[in-house]
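Please view the structure before reading on.

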Amino acid sequence: MQHRKIMNGQEQAMESNSEPGRAGVPRWQRAVREGGSLVVPPAIPWWKRAIDLGAILIFSPGILPVCAGVALLVKLGSKGPVLFKQRRVGFKGKEFTIYKFRTMRRGAETQSHKNHTQQLIKSRDPMVKLDNQKDPRVIPFGRLLRAGGLDELPQLINVLRGEMSVVGPRPCIPYEYEMYEPWHHQRLETLPGLTGLWQVSGKNRTTFEQMVKLDIEYANRKSFWLDVKIILRTPLTIWAQYCELRAVRRKTSAPRRQKPPALERWIPSFRL
């Protein structure tokens, strides 16, 4: 019922954007037209910055040893730097450099991911990562790190710099941003985050369009308590992703044992 309301609201927003004048601007966007441009009030409330800094301060004693362990796994798993830097699109379409623990082999090609992203945007397929297809670019233990989001811990640097928040939509890659339809840009009306409403609402089981609508919903109704609820639900989501990864591994790697006919199961086998 809630998702239906979101879809109806999205349809109304798309229709209203085609109408000229101030009446054509969606109310939830809180914008007015001045000289043909949209002027949107500041979307980063003070309490959001307080949550970001408070979370880093509280959890840093546990996060630092985990980061050291992840860095060791990356270094032992493959040659190359421990950290990976990549340009991403954040708040209001502004690009910034994101930091991650490297989980891909050095010099890995990116065309396969670009094609996969294009397919997800154009289709209604669930947003399953290439990791589940035994991506050869991933280093040893890389799938494990990615399933738990441990590769994204260095993005706390981006949070400290004010480029990201703990809670918010995931920042997209520039070539993904270029594939967006105009209404997709509305998910950039708030700071990107490490976790978010989409991540705790199904993530890999949702389509790209459902992800965008969840991100827009968060940008519209974000609040202190909504952020707290999302943070508290994140550990359960991570555990579910680990369980899903184990299920995929068992399904793809373990060969099925063919059961003998019923009569043969009762006959003992002897070595000659």
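The text below covers aromatic pairs and then cavities.

The model is predicted, so local features need pLDDT of at least 70 and side-chain atom pairs count only at pLDDT 80 or more, while totals for chains, interfaces and linings use all residues. Residues are numbered from 1 along each chain as its sequence is written, and side-chain values use heavy atoms, leaving out hydrogens and water.

**Aromatic pairs**

The structure holds 4 aromatic pairs. Rings of Phe, Tyr and Trp (its six-membered ring) pair if their centres lie within 6.5 Å; planes under 30 degrees apart are stacked, over 60 edge-to-face, and the rest tilted. Two of the pairs are tabulated.

| Pair | Centre distance | Plane angle | Class |
|---|---|---|---|
| Tyr 180 and Phe 208 | 5.8 Å | 50 degrees | tilted |
| Phe 224 and Trp 225 | 5.1 Å | 85 degrees | edge-to-face |

Tyr 180 sits in the loop between α6 (174–178) and β6 (193–195), and Phe 208 in helix α7 (residues 208–221), so their pair ties together parts 28 residues apart in sequence. Helices (H or I, at least four residues) and strands (E, at least two) are DSSP runs, numbered from the N terminus.

Buried means under 20% relative accessible area, exposed over 50%, and partly exposed in between (1.4 Å probe, protein chains only). Tyr 180 is buried at 8%, as is Phe 208 at 3%. Phe 224 is partly exposed at 36%, and Trp 225 is exposed at 60%. Ring pairs also link Trp 47, Phe 224 and Trp 225 into a cluster.

**Cavities**

A cavity is a set of points on a 1 Å grid over the protein atoms alone where a 1.4 Å probe fits but cannot get out; lining residues have an atom within 4 Å of a point. Grid points are joined across faces, edges and corners, and a volume is the space filled by probe spheres set on the points. There are 2 cavities of 30 Å³ or more. The second largest cavity has a volume of about 40 Å³, and its lining includes Phe 91, Arg 170 and Arg 187.

Conventions:
1 Å grid on protein atoms, 1.4 Å probe; cavity = no way out; pocket = protein on both sides within 12 Å on 5 of 7 lines; lining within 4 Å.
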